[in-house]
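Here is a short briefing on one structure. Look at the sequence and the fold, then read the points below.

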Amino acid sequence: MTSVETLNTEWALAWMKGCAEQAHEHREELIELDRVIGDSDHGENVDRGFRAVVEKLEADAPASIVDVLKLTAKTLMSTVGGASGPLLGTAFLRAAKSVGSDELDSAGVAALIEAALEGITTRGKAQEGEKTMVDAWAPAARAAREQADAGAGAADVLRAAADAAAEGAEATIPLVATKGRASYLGERSAGHKDPGAASTALFIAAAAAAAAAAVKEG
Ligand code: ADP
Ligand code: MG
């Protein structure tokens, strides 16, 4: 690392590896969440998807953050069935397009999360409060921007984003789903955490953990 406050390609690779680890570790929990208000496949979808991502990254060895994120997007779109594949794929594609240089500072990190959110809402048309992954990405994007504007470093920006995503995921419990498969349940979807919001919190926590490790090494 040239500076403790910028994140590079190593970070992006570590982030994706962390997503794969999280998806694998929490596979059963995500399956269970999706069993209650969906079709039981979310844990399997993200586990399979990110395992494929890690294999692809190891095979192709992309040399920039942009290329890591683009390859991730492409792989998720082609390996993850269901709603979450195209949504997360679009998120990472937009995130890639937001990256302007080889290293990300805190403002760049905030822009990346905002771009991911924009990709998801453009693709899925859900707004906050509809009990989807947007309910984790949106507060994460707000927290990231707030911290970046306040002068926090990239790792702290991601830590704040991860905390906000986890809170957002918890806050989906009382909501009634009005988008996605869970909306078929209507009022009966209330009382359960949204699986996509739960996995989003894990993925943003992985970004924060990778950044904290990079800063420590830097
Ligand atoms: P599927 O619903 O096709 O089985 P998954 O189980 O993998 O796909 O993913 C379900 C998750 O996708 C939901 O928990 C929700 O967070 C997210 N989701 C579904 N539809 C939308 C949408 N229109 N916008 C944002 N997120 C959505
Ligand atoms: Mg499902």
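In which loop is alanine 61 found? Alanine 61 is in the loop between α3 and α4 (65-79). Helices here are DSSP runs of H or I with at least four residues, and strands are runs of E with at least two, numbered from the N terminus.

This is a predicted model: local features need pLDDT of at least 70, side-chain atom pairs count only at pLDDT 80 or more, and totals for chains, interfaces and linings use all residues. Residues are numbered from 1 along each chain as its sequence is written, chains are lettered from A and ligands numbered from 1 in the order in which they are written, and side-chain values use heavy atoms, with hydrogens and water left out.

- Alanine 61 is not a glycine, yet its phi is positive, near 45 degrees.
- Alanine 61 has a relative accessible area of 54%, so it is exposed. The cut-offs are under 20% for buried, over 50% for exposed, and partly exposed in between (1.4 Å probe, protein chains only).
- Serine 40 is in the loop between α2 (27-37) and α3 (42-60).
- Serine 40 also has a positive phi, near 70 degrees.
- Serine 40 is partly exposed, because its relative accessibility is 28%.

**Ligand 1 and its shell**

- Of the 19 residues around ligand 1, those that come nearest are Asn45, Ala83, Ser84, Gly124 and Asp194. A residue counts as near if one of its heavy atoms lies within 4 Å.
- The side chain of serine 84 has an N or O atom 2.6 Å from an oxygen atom of ligand 1.
- Methionine 133 brings a backbone N or O atom to 2.9 Å from an oxygen atom of ligand 1.
- Glycine 196 has a backbone N or O atom 2.9 Å from an oxygen atom of ligand 1.
- Ligand 1 exposes 560 Å² when taken alone, and the protein buries 93% of that.
- Two or more shell residues come from each of α3, α5 (84-98) and α9 (195-217).
- The largest share, three residues, comes from α9.

**Glutamate 130**

- Glutamate 130 is in the loop between α6 (106-124) and α7 (134-149).
- Glutamate 130 counts as buried because its relative accessibility is 13%.
- Its side chain makes a polar contact of 2.7 Å with the side chain of threonine 178. Such a contact is a pair of N or O atoms within 3.5 Å; within protein, one must be able to donate a hydrogen and the other to accept it, and residues adjacent in sequence count only if both atoms are side-chain atoms.
- The side chains of glutamate 130 and lysine 179 are joined by a polar contact of 3.3 Å.

Methods
Areas by Shrake-Rupley, 256 points an atom, 1.4 Å probe, with all protein chains shown as cover.
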